[in-house]
Amino acid sequence: MKGESNEGGDSGTILTWIERHRVMYDRATRHPFILNIKEGIVDISSFERWLGQDYIFVKEFVPFLASVLLKASKDSDDTSDMEIVLGGMAALHNEISWFKKEASRWNISLLNISPQNANKDYCRFLESLTSSGVSYTVAITAYWAIEAVYQESFSLCLEEGSKTPPELLESCRRWGNNGFKEYCLSLKRIADRQLEKASKEELKKAEEAFLSVLENEVRFWNMSNGDA
Ligand code: HMH
């Protein structure tokens with residue numbers, strides 16, 4: 001359906017890539033850590049490890065998102081992109097406060113946590129994407145993928161019949177809620193729109209970035225085991 005808009009989000013490059021890399025996509029979005037939360041059998045120390053590492057990640061995510069915002073303001077031909085990314089920035093500000101509050105509820109000191117290797121590698125990858133040599137198309141594709149993995153993962157824990165422990169519901173709702181799902185769909189629409197007019201070379205880079213996000217997310221979830 002070339003040339004037609006992709007309002008429903010049910011066609012486009014991203015969907016093609018999800019299907020092409022289905023195994024890796026499912027590894028990132030249906031990780032045992034998430035499935036254990038959903039089944040109500042998660043080890044709380046795993047959850048605490050994830051929380052501390054994710055706080056570090058989210059702080060590193062801010063400069064990445066700032067770079068996406070900059071690219072949107074320079075290179076997007078749709079002014080609403082910038083507002084959508086700016087909304088993500090505002091949510092991230094709120095998220096950092098939430099992490100602090102949640103950590104104190106679990107008696108975790110966020111000051112003494114050092115990033116594990118998988119976290120460091122992921123943050124280094126994010127940093128590489130902030131370069132001005134990385135296009136808006138590649139950056140927005142990565143941004144969509146990073147958010148979509150969390151949205152898909154945590155929404156599983158909210159599905160009918162899930163046995164998610166009540167004390168973990170707030171975390172799951174943070175990324176599993178419908179508003180965030182809509183937000184991810186708007187990022188997907190932007191990415192698909194950009195990809196539609198991208199060169200072959202650009203498409204290749206964006207697909208590689210998408211795959212790198214999936215690989216980094218799997219390694220990130222693996223850290224919760226404590227044996228990373
Ligand atoms: C590792 N990926 C990781 N942490 C997050 N908070 C998100 C994605 C979503 O914001």
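So, let's start with Asn216, which touches Asp121, Tyr122 and Phe125, leaving aside residues up to four places away in sequence; contact here means heavy atoms within 4.5 Å. Before I go on: this is a predicted model, with local features needing pLDDT of at least 70 and side-chain atom pairs counting only at pLDDT 80 or more, while totals for chains, interfaces and linings use all residues. Numbering runs from 1 along each chain as its sequence is written, and side-chain values use heavy atoms, with hydrogens and water left out.

Back to Asn216. You'll find it in helix H10; helices are DSSP runs of H or I, at least four residues, numbered from the N terminus. Is Asn216 buried or exposed? Asn216 is buried, at a relative accessible area of 10%, where buried means under 20% with a 1.4 Å probe, protein chains only.

Now, one of the Asn216 contacts, Tyr122, also has a ring partner, Phe57: the centres are 4.7 Å apart and the planes sit at 45°, so we call the pair tilted. The rule is that rings of Phe, Tyr and Trp (its six-membered ring) pair with centres within 6.5 Å; planes under 30 degrees apart are stacked, over 60 edge-to-face, and the rest tilted. This pair links distant parts of the chain, with Phe57 in helix H4 (residues 44-75) and Tyr122 in helix H6 (residues 117-129), 65 residues apart. Both Phe57 and Tyr122 are buried.

How many aromatic pairs does a search of the whole structure find? It finds 28. One of them is Trp17 with Phe210, stacked, at 6.2 Å centre to centre and 25° between the planes. Trp17 is buried at 4% relative accessible area, and Phe210 is buried at 0%. Ring pairs also build a cluster, with Phe33, Trp50, Trp106 and Trp221 among its members.

The axes of H4 and helix H5 (residues 80-105) come within 10 Å and cross at roughly 160°; axes are lines fitted to C-alpha atoms over the stretch in contact, with angles from 0 to 180 degrees between N-to-C directions. H4 and H5 are therefore roughly antiparallel, the term for angles over 145 degrees. Okay, that's my bit, over to you.

Conventions:
Buried < 20%, exposed > 50% of the residue type's maximum accessible area, 1.4 Å probe, protein only. Helix = DSSP H or I, 4+ residues; strand = E, 2+ residues; numbered from the N terminus. Parallel < 35°, antiparallel > 145°, perpendicular 65-115°, else oblique.
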